[in-house]
Amino acid sequence: MSEKNFYLTTPIYYVNDIPHIGHAYTTIAADVMCRHMRMRGDNVFFLTGTDEHGQKIQQSAEAKGMTAQELADKTMLNFRNLWTVLGISNDDFIRTTEERHERVVQSMFQKLMDQGDIYKGSYEGWYCVPCETYVPESSMGENRTCPDCGRPLVQMQEESYFFRASKYADRLLAYYEANPQAILPRSRYNEIVSFLRSGVRDQSISRTTLKWGIPVPGDDKHVVYVWFDALINYATACGYLDDREKFAKFWPAVRHLVGKDIIRFHCVIWPIMLLALGLNPPVCVFAHGWWTVEGEKMSKSKGNVVDPFEMARVYGVDPFRYFLLREVPFGLDGDFSELAMVQRVNSDLANDLGNLLNRTLQMMGNYRDGKVPAPGAILPVDEEVLSLIDATLATVKEKLDVFSFDEALKSIWALLGRGNKYIDETMPWKLGREGNGERLDTVLSTLFAVLRAVTLLTAPFMPDAAKRMYVQLGFSGDPLDERFPSVALRNAPAGQMTQKGDVLFPRIDVDQWKKGREAKLSGKDGAQVPDAKIPSEHEDEISIDLFKSVELRVAEVIGVEEIPKAKKLYALYLDLGYEKRKIVSGIKEFFTPQDLIGKRIIVVANLKPATLCGVESRGMLLAAGPKDKSALGLLTVDESAPLGSRVS
Ligand code: MSP
């Protein structure tokens, strides 16, 4: 198979907002897609990041008494941390305030100016400050309001640089007509094509009304308009200026995942910018729908913004990832309800998936001491199940090629359903009783093959649960490291030792869950939703899931700094493999910097950042010592534990 390249991006998120399920949705979808493509053997480059310039950020910062840069530095961590908690496997995280990006924006601006595609003019129009867009008269809401956010528009006039977008509209239309898969789903394609047919106007791409942006080259009075700046992030991170080889490799394979509200920027303005620069437009832009929450638009003023950190904490990362992609077809709008999530955890995860695993491993234990048997003769019913494995792999690939996550999951669940039915049909317990060993071997081996296939196919969606399933099936390593082209899914490895483990997805007691929720909504008892999946008899016991929500990782101490006036604290610079960060730790009286540098320690990587003696600390190290605090021992590991690896 020839190697393929696959480059996928999420939108870069505005840092004036805290992350909500909308942000989590796109990023999880992109993560699933990238993990799946890696398993198919593709070279994947997965990008996300933050959009840090523009009026909204400047205004938010002013309101908080901070500089825009301070606000961006602080709030972008909310996104970075969320991606760590949600297990996002991005290869790069771009911030538009980074120097590597500012250089690319200026260079592209200059190139377009030099070739006559940017000119200076004057712009007058109705402007929506929060959305940072001029709104044409024809699209205004009642009483001159913004059609997107409903807020009043203000009249603005300013000198502005314009991008000659009109010149390239026909070329873009021809590109789309020749490549209808370039915009998905089809309804969005139709929308964009008819928009292009109605004509595209030149775009105002600079502002004199604010300072917080990238200066226009040679004209400091202007900063580059935030959208012109933001879209370019996709090229910056792909190495447009700094790594031509990477750019040549991945740019022809670029795909953007976006929400439906920002498709004109991605399907009209951005491809036109690319055409003007002599670059190819994206292979595909996929626009997903929007979530409402229990039937209502999500908004801060309604107080119904769903916090992804909380969802992951209460329900677990994997169920949350699964639910978002299973519940609603990716291109359509959907409604988020926690009850629907609880029901899906119980029916799809605890019942369908958990049962097949438990029943199979239980029987493998009872009849074959946990060892996978070599199959005997294959009867038509076995063949039917085994062929469904291959067919399911083919369907999942086909569905994910067009971002149909729910359809891909449905086909995996059809295989699970077939597996559960196969148990009922073949009645292995009866075969065991009757001493029909050969037939029992075939049945157990077939069930094993189904479970392995399900594990591999669900691994991009639920990386952690899949890993636990894999271990129970007796494999070492991570299912995500398997490559579909080389795994013979139908063949169960005879002789492999399975090991039945903890319940994969504990059932949530719906009555208890409802009571907890009522208490939360009525504001009683500190308004905590009980962790529904952890009904515990003993207060001092915690479940494995609660333990797992603490992200312990291996880090190397690469630098130690004293903090002025702090007698007990050091600032430690840590290398986690996938990123470097700083933590503050009260260990100064026990160690010199030399004692610490080079040590591989264990840190809590998903701890909320805290500022100690004016230094921001992003995590905590683990250490132990006697109660009187007369000594301290650091928890360390040797080099067999790679940097960033999770402690479990
Ligand atoms: N910064 C721009 C994107 C620039 S890309 C070059 C931006 N940022 S955003 O933070 O406001 O929105 C990011 C994404 O979140 C958008 O794709 C948007 O569609 C998505 N969502 C915002 N609310 C949403 C829901 N309620 N549901 C689903 N997605 C939603 O726009």
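How much area do domain 1 and domain 3 bury between them? They bury about 540 Å², 44% of it on carbon and sulfur atoms. Buried area here is the accessible area (1.4 Å probe) that two parts lose on being put together, summed over both.

Before you click on, some ground rules. This is a predicted model, where local features need pLDDT of at least 70 and side-chain atom pairs count only at pLDDT 80 or more, while totals for chains, interfaces and linings use all residues. Residues are numbered from 1 along each chain as its sequence is written, and side-chain values use heavy atoms, with hydrogens and water left out.

**Stop one: the domains.** Colour 5-288 as domain 1, 337-486 as domain 2 and 544-647 as domain 3; these bounds come from an automatic or database domain assignment. The C-alpha centres of domain 1 and domain 3 are 37 Å apart. Five residues of domain 1 and eight residues of domain 3 make the contact (heavy atoms within 4.5 Å).

**Stop two: the domain 1 side.** Select Leu77, Asn81 and Thr84, which supply 70% of the area that domain 1 buries against domain 3, more than any other three residues. Now look across the interface of domain 1 and domain 3: one residue pair is in polar contact, both at pLDDT 80 or more. A polar contact is a pair of N or O atoms within 3.5 Å; within protein, one must be able to donate a hydrogen and the other to accept it, and residues adjacent in sequence count only if both atoms are side-chain atoms.

**Stop three: the ligand.** Next, pick out His23, with a polar side-chain atom 3.3 Å from an oxygen atom of the ligand. Trp290 also has a polar side-chain atom by a ligand oxygen atom, at 3.1 Å. Finish on Trp291, where a polar backbone atom is 2.9 Å from a nitrogen atom of the ligand.
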